[in-house]
Amino acid sequence: MAPQYAPSLRSRLPPIAFLLETVFILFFVFYVDVSYVHSIRFYAEFQDVHVMVFMGFGFFSTFLVRYGFSSSGFSLLVAAMAVQWAIVVQTLLHLPYLGRMRLTIESLVFAEMSAASSLIAMGVVLGKTNPVHLLLMSLMEVAGFTLNHWLLQTLLKVKLQHSLMLLHIYGAFFGIMTSWTLGKGIEPRHEKEKSDRKMALFSLFGTLFLWMLWPSFNSLFFSTIAQINIICSTYLSMAVSAVTAIAISVLSNPRGKINMLHVQSGILAGGVAVGATMSTFPLPWVAMAVGLSAGIMSTLGSIYIKPLMQIVFKCHDTCSILSVYGIPGILGWFVRLFLQLANSDSTTVAVRFAAYHITILLITLASSVTLGVITGVILKLKIWRPPQDRKCYDDQAFWEFPHLAERK
Amino acid sequence: MAPQYAPSLRSRLPPIAFLLETVFILFFVFYVDVSYVHSIRFYAEFQDVHVMVFMGFGFFSTFLVRYGFSSSGFSLLVAAMAVQWAIVVQTLLHLPYLGRMRLTIESLVFAEMSAASSLIAMGVVLGKTNPVHLLLMSLMEVAGFTLNHWLLQTLLKVKLQHSLMLLHIYGAFFGIMTSWTLGKGIEPRHEKEKSDRKMALFSLFGTLFLWMLWPSFNSLFFSTIAQINIICSTYLSMAVSAVTAIAISVLSNPRGKINMLHVQSGILAGGVAVGATMSTFPLPWVAMAVGLSAGIMSTLGSIYIKPLMQIVFKCHDTCSILSVYGIPGILGWFVRLFLQLANSDSTTVAVRFAAYHITILLITLASSVTLGVITGVILKLKIWRPPQDRKCYDDQAFWEFPHLAERK
Amino acid sequence: MAPQYAPSLRSRLPPIAFLLETVFILFFVFYVDVSYVHSIRFYAEFQDVHVMVFMGFGFFSTFLVRYGFSSSGFSLLVAAMAVQWAIVVQTLLHLPYLGRMRLTIESLVFAEMSAASSLIAMGVVLGKTNPVHLLLMSLMEVAGFTLNHWLLQTLLKVKLQHSLMLLHIYGAFFGIMTSWTLGKGIEPRHEKEKSDRKMALFSLFGTLFLWMLWPSFNSLFFSTIAQINIICSTYLSMAVSAVTAIAISVLSNPRGKINMLHVQSGILAGGVAVGATMSTFPLPWVAMAVGLSAGIMSTLGSIYIKPLMQIVFKCHDTCSILSVYGIPGILGWFVRLFLQLANSDSTTVAVRFAAYHITILLITLASSVTLGVITGVILKLKIWRPPQDRKCYDDQAFWEFPHLAERK
């Protein structure tokens, strides 16, 4: 391993990928079938989520000037693996009841949402890891998220739609703890951790796909009648948080200039926050107020909390995941609590619900934080051939460039 | 205000944005509710229009080499504000009848179409204005368009689908009059008013989204049976105008070379023109002939009329909006007249329809031209801190670049 | 014709384009009508295919560093012409039965699939041809493909869904034979046949659109119940081939680095291969195994077979079309044979089916190879003003750049 070259992944990535694929295919031979009963009512919305996961999350993180291939390519690798793994884990959990899993569009949607959760986690450590790290991390995250989801559904009788919207919180805190344990990127701003005009536009492209299709993401598991409410609320909440993100970015700059990366962090907050409140069917103005608060908190977070975390907690967060998904997710969770309390008649019911609601959050946080730390410890092992610090945020470590023109 | 810096918007944009959002949210508290009765039949088509407005119009204008952040970012800001404002204006107009507005997917579609109209207007003044200008302009445009639409529906009993397709004409002439009154960009070609290979590709991306999804845009408010006709007609018309735009671009160049910006102007013309004829359900060949004529007129317009307007009328049109939306819109309007006349049996009915049809157009033109001039006068006020001429078409005036790499 | 300039297409492209458009419109006047009976059940899936053809195929080939305008612009031109021409050819073939053609969404889908087939063929010769070549080639290809499809349906009673999935094989071999006959690009690697970071990302964008929306492409002509099977199978197959493509790319590089162009070639293989097997409704694991094999073969093909073809057979394949569409298509065809044989009870039936199935493939190959050679001979004529070898892979030969900034 010559010091001037990045460690080769030839002996790591392909064996792991082919081993996993072989195991998955064998598992599918024995346990997975296709359903013929369900309608494909979901299909258009499923496609929206599919585009969000592979195009949206894939290009969301392409802003790093020398890391565009890695951001988009590794997202594809991780998400493609995560959806298969999510189906395997789902099937394992349902085997005792169902014998064989019968795939439906719903199963794919669930798999996509798990993949989204692991892509959120991946956003924290991006640039400081190699694709083997990212694959392992996503296996852990998807397993943890699915297990947590199943436990909440089984033990606490949490509804599917309610529990699923914890994916943002789960992914964000999992990723942050992994990054903290890994302890990379904590030195002052890395020279290559920059953007440029065109990479930021690619990133805006991805972000806009997430932003535009978010109503489908939030409404997927609801009945047709409820969907209108959810589509309208998510739509309005995101419109407000887009305006808010730009306004806050202007306000926080001494010369009144907008920072594209702060905007990209802030505009999604409304969708994340309102997602968690969906099962209470908020009124339009509530959704807008949530979008406003989430937009403010998220944009301020990516401006002030991100550097603070790096200095104080020695925890580096490449895509400001804490601000984009973590904080708005928790905000939404408490808004839902508040809305439910405001609607309840008796104090006993209200207190019981509050305890129940906060317990769900705490279980989820505990599970994601613990698993994140464990994953970080595993990823620190030298056998995964981590990239040198010099090669962080650099495609050259993983991608072949001889076919590329020297000077554009 | 040091002369070498662009005037800061810190004291303008955030207060206006937050004031508006607060007013909107308060308005929604009292007057807007969610409907539970309607089906979500519209949803897939609505998403297409949503993508057109935010992705299509947003990236349509990213061709300016140093103005990519502004083109896409300000479109997002303006559109996100315009959809909320359009719902407010709609609600105000319907309050006397309905008490509270009940949001449906249709309301959102109408809001998106109003936003599209204001983004069309914005394309004329892009690069010569700041985001505060654009926000104010879009508020005026959406209010004017919605009011005009409501007047035509109420007083002249114009059908919804018929009146809605005036959005291109309304936006185009509104924008042109604003630009003319504003009187910016009339000097010979600005040094920064250029494109480059990659920015033109981003712009083609946006244009293609508009182009591809236009059948949904035209068919949205029709019954299921009529939709097939409209989808096929729009589809064919746009295919013909894409071919035409490229052919005309080759023909107009002495050395037979294609100009990407002329192509982007021409390919949308078929969809705009045929949109106005939709309520007569034209035969496929009629739609194709309309696409051919619109493609020719629109491409020639962006090659010859745009510079002429700049020299003769001292009116600068950044994105050739007159040619892309104005001319094809008016062409379509007269094609519809002609088709209706060809189908009518008696001369009296025909004459009456012609008078009625042209009155609608004249009212719309008068309304958009008047309001455009008024808006231009308002935007000329120094309190909005207009960008210096030197800083036109330059992101540096509004966007922070320290986080960006110096060289590529 | 000064030697330092590329030959002008001013006297070639516009006359051909306008002549064709006039003929098409006249044809539509007499023979094409709109249907009012069909539902628009297909519309969301149709839009997916529409996006695949115009955005996906259009940007799939933008990786060439100096050929982005041509790749995307000529794809638009060719596809817009091909869909109209496909409707004309379809109508001609159905005239004896139907009198007038009645357009439905199905007709448009068929037209899009024919256009996709001709865009596949175009990928082989891209960069070594001018747009007049590409137009002629696409007219020949669409006519040949539609005729072959009609013959198979009429004479051999092949099912629509079965015969349509031959489009990949037809397009690939047609294009390869055209390129071989044309005999361009066979010298060692052309200096301009390179990519750069941003062009490769544009290309990844296009590829991802193809990749994401492929389930719609494969499922379009099946009943609702069958669609779930096909969507799930295509989805899983593509997920596996995405992982495989990346793993093989790492494995084939001595230093374990990924090549973005190889990945883009490999990730689509699963969708192509599994498309041909769809009418046997494979189990999920079969689809995944097909995706794995197709991914391996396709990625290896683009690494090793492409240069071999260039050296040994003097046949240059710009976008590795043989590996991306040809090989996976044939693999899928044999998998379908194998699946059918495994399901059949009697040997007689099995042998008869095998003979029938292989006959279909051979007829298709013979037809595409023959027509490809004929097309190549026609394209060699000097009257089409071929680009000089120096100007291959260069936008400068066809696009006007004075409006562009000199240095980005």
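Visitor: How many salt bridges are there between chain A and chain B?

Guide: The count between chain A and chain B is two salt bridges, in what is a predicted model.

Visitor: What makes the pairing of Asp395(B) and Arg197(A) a salt bridge?

Guide: The side chains of Asp395(B) and Arg197(A) meet at 2.8 Å, N to O. The cut-off is 4 Å between a side-chain nitrogen of Lys or Arg and a carboxyl oxygen of Asp or Glu, so the pair qualifies.

Visitor: What makes the pair of Lys198(A) and Asp196(B) a link between two chains?

Guide: Lys198(A) and Asp196(B) form a salt bridge of 2.8 Å, N to O. Lys198(A) lies in helix H8 (residues 197-219) of chain A, whereas Asp196(B) lies in the loop between helix H7 (167-182) and H8 of chain B, so the pair joins two chains. Both Lys198(A) and Asp196(B) are buried.

Visitor: Which elements supply the side of chain A that touches chain B?

Guide: Two or more residues each come from helix H2 (43-60), H8, helix H9 (224-252), helix H10 (260-266) and helix H12 (284-312) of chain A. The largest share, 20 residues, comes from H9(A). By class, this side has 41 nonpolar, 10 polar and 11 charged residues.

Visitor: How much area is buried between chain A and chain B, and which residues of chain A lose the most?

Guide: The area buried between chain A and chain B is about 6000 Å², and carbon and sulfur atoms give 74% of it. In chain A, Arg197(A), Phe205(A) and Tyr235(A) lose the most area to chain B, together 13% of what that side buries. The contact takes 62 residues from chain A and 68 residues from chain B.

Visitor: What relates chain A to chain B?

Guide: Chain A can be laid on chain B with an RMSD of 0.0 Å by a turn of 120 degrees, with a shift of 0.0 Å along the axis. That is the relation of a three-fold axis. In chain A, the C-alpha nearest the axis belongs to Ala44(A), at 3.8 Å. The copies use different surfaces, for 15% of the contact residues of chain A recur in chain B.

Visitor: What does the contact of chain B and chain C consist of?

Guide: This contact takes 62 residues from chain B and 69 residues from chain C. About 6000 Å² is buried between chain B and chain C, with 74% given by carbon and sulfur atoms. Arg197(B), Phe205(B) and Tyr235(B) supply 13% of the area that chain B buries against chain C, more than any other three residues.

Visitor: How do you know that Asp196(C) and Lys198(B) form a salt bridge?

Guide: Their closest N and O atoms are 2.9 Å apart. That value is within 4 Å, so the pair meets the rule. Between chain B and chain C the count is two salt bridges.

Visitor: What does the salt bridge of Lys184(B) and Asp389(B) tie together?

Guide: The closest N and O atoms of Lys184(B) and Asp389(B) are 3.3 Å apart. Lys184(B) lies in the loop between H7 and H8 of chain B and Asp389(B) in the segment after helix H14 (347-379) of chain B, so the pair ties together parts that are 205 residues apart in sequence.

Visitor: What makes Asp33(C) and Arg102(C) a salt bridge, and where do they lie?

Guide: Their side chains meet at 3.9 Å, N to O, which is within 4 Å, so the pair is counted. Asp33(C) is in strand E1 (residues 32-34) of chain C and Arg102(C) in strand E2 (residues 101-103) of chain C, 69 residues apart. Asp33(C) counts as buried at 16% relative accessibility, whereas Arg102(C), at 48%, is partly exposed.

Visitor: Why is His162(C) called buried, and which side chain does it meet in a polar contact?

Guide: His162(C) has a relative accessible area of 5%, and the limit for buried is under 20%, so the term applies. A polar contact of 2.6 Å joins the side chains of His162(C) and Arg336(C). His162(C) lies in helix H6 (residues 160-164) of chain C.

Methods. Residues are numbered from 1 along each chain as its sequence is written. Chains are lettered from A and ligands numbered from 1 in the order in which they are written. This is a predicted model: local features need pLDDT of at least 70, side-chain atom pairs count only at pLDDT 80 or more; totals for chains, interfaces and linings use all residues. Side-chain values use heavy atoms; hydrogens and water are left out. Contact means heavy atoms within 4.5 Å. Buried area is the accessible area (1.4 Å probe) that two parts lose on being put together, summed over both. Helices (H or I, at least four residues) and strands (E, at least two) are DSSP runs, numbered from the N terminus. Buried means under 20% relative accessible area, exposed over 50%, partly exposed in between (1.4 Å probe, protein chains only). A polar contact is a pair of N or O atoms within 3.5 Å; within protein, one must be able to donate a hydrogen and the other to accept it, and residues adjacent in sequence count only if both atoms are side-chain atoms. Copies are superposed by least squares on the C-alpha atoms of residues with pLDDT of at least 70 in both. Ala, Val, Leu, Ile, Met, Phe, Trp, Tyr, Cys and Pro count as nonpolar, Asp, Glu, Lys and Arg as charged, and the others, Gly among them, as polar.
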